[in-house]
Structure formats: structure tokens, C-alpha cells
Amino acid sequence: MEPILKTVGLKKYYGKQDALVRALDGVDLEIERGKFTAIVGTSGSGKSTLLNMMGGLDTPSGGSVRIGNTELAKLNSEQATVFRRKQIGFIFQNYNLVPVLNVWENIILPVSLDGCEPDTAFIGQVVKLLGVEKKLDSLPNHLSGGQQQRVAIARALASKPSLILADEPTGNLDSKTSQDVLELLKACGVRFGQTIVMITHNPEIAQTADRIIRMEDGRIVQE
């Protein structure tokens with residue numbers, strides 16, 4: 001099966017000469033469609049940089065990223081923004097919910113930005129699976145951290161993207177809530193046929209995934 005995401009010789013360098021930092025140093029990676037992949041490594045290993053490159057949030061110094069049949073480097077800024085909104089769901093450690101919007105408005109925001117009608121039946125399934133169906137009128141500051149992260153997951157799923165990129169999604173949660181959120185994320189991936197790539201510094205959290213990739217010094221060192 002053709003991989004949903006492929007990087008070839010991916011590099012990201014900062015600085016020059018003696019101060020040169022190789023944040024990514026030639027990463028070749030294929031992500032299989034429909035699987036849950038965890039990328040683990042300590043702070044500074046390059047995992048966040050890699051996730052940003054996969055999501056088109058940053059430009060590589062060399063190499064390429066392809067999602068489906070689309071080479072990210074060939075998109076201009078506007079095309080890249082639209083592509084990300086439609087094809088990629090992002091989940092961040094700090095939730096990134098809009099404080100003045102209620103839960104429902106936060107969830108449908110990416111769809112609304114594209115001028116599309118949200119699929120309310122599909123989103124209804126998502127919020128029920130995530131257990132936030134009774135919180136749709138609440139503002140984010142009235143929710144617990146775990147509830148906010150569930151809303152962030154629902155928002156990432158709302159536009160039916162083929163790829164979900166999760167950056168330390170349980171970093172601000174206690175261990176019990178972390179486990180619950182991860183199980184829900186995985187269940188959503190299976191239920192709705194989505195591919196999930198998650199970065200984490202926590203090997204225990206990574207055990208939830210189907211595949212674990214370890215990074216050090218900007219390179220993949222182990223699977």
C-alpha cells in the first residue's frame with residue numbers, strides 16, 4: 001500500500017559553521033495509512049521539528065515531504081494553508097482553543113474557515129465518542145484540561161482529515177487522564193480510518209501506538 005506520508009532526506013539546519021545545529025539530519029520515513037505511529041525522543045532530538053515539517057508548518061533546508069500525491073514544497077503559502085486545513089488535523093499540548101468561542105464553535109472552526117457546512121452527523125459521532133456532547137455550549141475555561149484536550153481532538157477530526165499530527169497531546173495531563181485521552185484518540189483513528197502521528201518524550205505514552213520510532217540528534221536511530 002502506498003504510504004500516506006513520506007519524507008526523503010529531510011534536513012533542517014540552523015546557524016552556520018561552528019554554530020551549525022542539525023535539527024534534522026537526513027530523515028527518511030514512511031507512514032502507513034490508517035496506523036498510529038509514535039515518535040519518541042528527548043528534548044532537542046528533532047521530533048518536534050520533524051512534526052512541523054510533516055505538517056507543512058516549517059520549511060526544510062533540504063529533502064522533501066509528500067502527503068498522498070502532494071509534495072508540500074511545491075505549494076505556495078496560500079495553497080499550503082488550505083491543504084493543511086483540509087488534509088491535516090493538528091492536536092497541540094496547549095489545546096489552542098479559542099477562549100471566546102464555545103466548544104461547538106471551536107470544533108467546527110477549521111470547517112467554517114473553509115466556508116463549508118460542517119457534517120453535523122459525523123461531528124455528533126465524534127463528540128459522543130469523546131464524551132463532550134454535554135459541553136457543547138461551554139467556554140473552554142469552564143472545562144478541565146482533559147475535557148479541553150478532547151475538544152481539541154474533536155476539532156482535529158471535524159474536517160475529516162486523512163492525517164492527524166499530535167504534538168505531546170498529553171503533556172499537560174495527569175497519567176490517568178493521559179491514558180483516557182490516548183485511548184480515545186486511538187479509538188477515533190480506528191473508527192474514522194485516520195492516520196495518527198504523535199510525538200512524545202514519554203516511552204510509556206508511546207506504548208499505545210502501533211509503531212514506535214526513536215529519534216536522537218536529528219536522526220531516526222531505532223524502530
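**View 1. Lining of the largest cavity in the predicted model.** The residues that line the largest cavity are L51, N52, L57, F90, I91, F92, L165 and D167. Sorted by side-chain class, six of the lining residues are nonpolar, one is polar and one is charged. The volume of this largest cavity is about 40 Å³. With a threshold of 30 Å³ or more, the count is one cavity.

**View 2. Elements around the largest cavity.** Three elements each contribute at least two residues to the lining: α1 (47-54), β6 (88-92) and β7 (163-167). Strand β6 gives the largest share, with three residues. Rolling a probe the size of a water molecule over the atoms shows where empty space is left.

**View 3. The four-stranded sheet.** At the edges lie β2 (21-31) and β5 (70-71), each of which pairs on one side only. Helix α1 packs on this sheet and touches β1, β2 and β4 (62-67). The direction of α1 makes about 55° with that of β2.

**View 4. Pairing of β1 with β2.** Strand β1, residues 5-14, pairs with β2 through eight bridges in the antiparallel sense.

Terms used: Residues are numbered from 1 along each chain as its sequence is written. This is a predicted model: local features need pLDDT of at least 70, side-chain atom pairs count only at pLDDT 80 or more; totals for chains, interfaces and linings use all residues. Side-chain values use heavy atoms; hydrogens and water are left out. On a 1 Å grid over the protein atoms alone, a cavity is a set of points where a 1.4 Å probe fits but cannot get out, and a pocket is an open set with protein on both sides within 12 Å along at least five of seven lines; lining residues have an atom within 4 Å of a point. Grid points are joined across faces, edges and corners, and a volume is the space filled by probe spheres set on the points. Ala, Val, Leu, Ile, Met, Phe, Trp, Tyr, Cys and Pro count as nonpolar, Asp, Glu, Lys and Arg as charged, and the others, Gly among them, as polar. Two strands pair if DSSP finds at least two bridges between them. Contact means heavy atoms within 4.5 Å. Axes are lines fitted to C-alpha atoms, for helices over the stretch in contact, and angles run from 0 to 180 degrees between N-to-C directions.
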